[in-house]
Amino acid sequence: MNPILECYGLTKSYNKMYNALHNLNLTLDRGQIIGLLGPNGSGKTTFIKLLNDVLIPTQGEIRINGMTPGVETKKIVSYLPERTYLDETMKVKDIIQYFSDFYDNFSDERAYQMLDDLQIDTNARLKTLSKGTKEKVQLILVMSRDADLYVLDEPIGGVDPAARDYILSTILNNYNEKAAILISTHLIQDIENILDRVLFIKQGQLVLNATVDEIRTEQGKSVDALFREVFRC
Amino acid sequence: MPWDLDNNRPIYIQIMERIQLDIISGVYKPGDRLPSVRELALQAAVNPNTMQKALSELERSGIVYSKRTSGRLITEDESMLNHLKTELAEEHIHVFLEKMDKLGFSKEEILALTQEQLKEAK
């Protein structure tokens, strides 16, 4: 099958002096769970926004399933942004309905199952929920779609360790060979075991693209330890 | 419960070790069917491709074999299982001997101490 994601010379500058991303070249195959790792301000979120057509590249190209980001790619990319865009006055069940209307590949059944597993009241309005519970709801929405590419920007930052385990097993459960899952996070140790591959981004450039076991075999250390070394302050 | 894996060694090797141990200790019996890759990956909380790699390596070593319709089965070759058991025991003993050496014990002292402990254990 064709790669799910290709980037050629991808560059984004917010002003003439400074490139948030600089000449990034990358191909990702399907059937992988990929960690997008880098310190604050390294360009992770810029990259993710470019994939989702929230930002336009200054230079270079992106292909998702062979297409430039736009309406068609949004049908097959399920995106969890770092900040919510949902109407906080809506009830959880109404948001489910909203997503179900919006996306062909959304499974109500999967969403309600996960809400039930995490004991989230579907009659509650979003604004009455705690920060962590809101995050869980958003992740459930994103993972309830049958997408080709899942892009998760910091999905586990605000949730407790038990829910974190549940989320990781949800991601594993959802794994299939035709889809890829791209996860940006700082909680490397928590997700290291479920990743195939990690990408290190440093000052807008890709400095490492390797599998977790390649890193462990060649360096004799965990991805977490390598990260601390590469990005030592 | 996710499997207890350590941080610096390749994950697939640790998975292989864990499954080998489960076979030797009788969690899986000769001829038993192993759970699917997906089930095992969820159980261990590891990436399915990593689990797949570990199982392929185990298959290559002969300790498990695949049958077209019924997944992966544990070998019924007793001599192979015994061989694996001895191998694992030797590994543990090597680690033990290295540590004792670091503590400054001679071979004779190690033997004497071990015999003493074995007597007490009985």
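A: A salt bridge here is a side-chain nitrogen of Lys or Arg within 4 Å of a carboxyl oxygen of Asp or Glu. This is a predicted model, in which local features need pLDDT of at least 70, side-chain atom pairs count only at pLDDT 80 or more, and totals for chains, interfaces and linings use all residues. Residues are numbered from 1 along each chain as its sequence is written, chains are lettered from A and ligands numbered from 1 in the order in which they are written, and side-chain values use heavy atoms, with hydrogens and water left out.

Under the salt-bridge rule, the total over all chains is 17. One of them is formed by the side chains of Glu88(A) and Lys134(A), with 3.3 Å from N to O. Its two partners lie 46 residues apart: Glu88(A) is in the loop between strand S5 (77-80) and helix H3 (92-102) of chain A, and Lys134(A) is in helix H5 (residues 131-143) of chain A. Helices (H or I, at least four residues) and strands (E, at least two) are DSSP runs, numbered from the N terminus.

Between chain A and chain B, by contrast, the salt-bridge count is zero. Polar contacts do cross this interface: 13 residue pairs are found, both members at pLDDT 80 or more. A polar contact is a pair of N or O atoms within 3.5 Å; within protein, one must be able to donate a hydrogen and the other to accept it, and residues adjacent in sequence count only if both atoms are side-chain atoms. On the side of chain A that touches chain B, helix H6 (161-173) and helix H8 (212-219) each supply at least two residues. H8(A) gives the largest share of that side, four residues.

In residue terms, the contact (heavy atoms within 4.5 Å) takes 21 residues from chain A and 18 residues from chain B. Chain A and chain B bury about 1500 Å² between them, with 46% of it on carbon and sulfur atoms. Buried area is the accessible area (1.4 Å probe) that two parts lose on being put together, summed over both.

Seven residues of domain 1 of chain B and six residues of domain 2 of chain B take part in the contact. Helix H1 (residues 11-24) of chain B gives the most to the domain 1 side, with three residues. That side divides into four nonpolar, three polar and no charged residues.

Back in chain A, strand S1 (residues 5-15) runs antiparallel to strand S2 (residues 18-28), joined by seven bridges; at least two DSSP bridges are needed for strands to pair. Glu6(A) stands opposite Thr27(A) in S2(A), and a hairpin of two residues joins S1(A) to S2(A). S1(A) also pairs in the antiparallel sense with strand S4 (residues 59-64) of chain A, over five bridges, with Thr11(A) opposite Gln59(A) in S4(A). Ser13(A) is in S1 of chain A. Leaving out residues up to four places away in sequence, Ser13(A) touches Tyr18(A), Asn19(A), Ala20(A) and Thr58(A).

Technical notes. Ala, Val, Leu, Ile, Met, Phe, Trp, Tyr, Cys and Pro count as nonpolar, Asp, Glu, Lys and Arg as charged, and the others, Gly among them, as polar.
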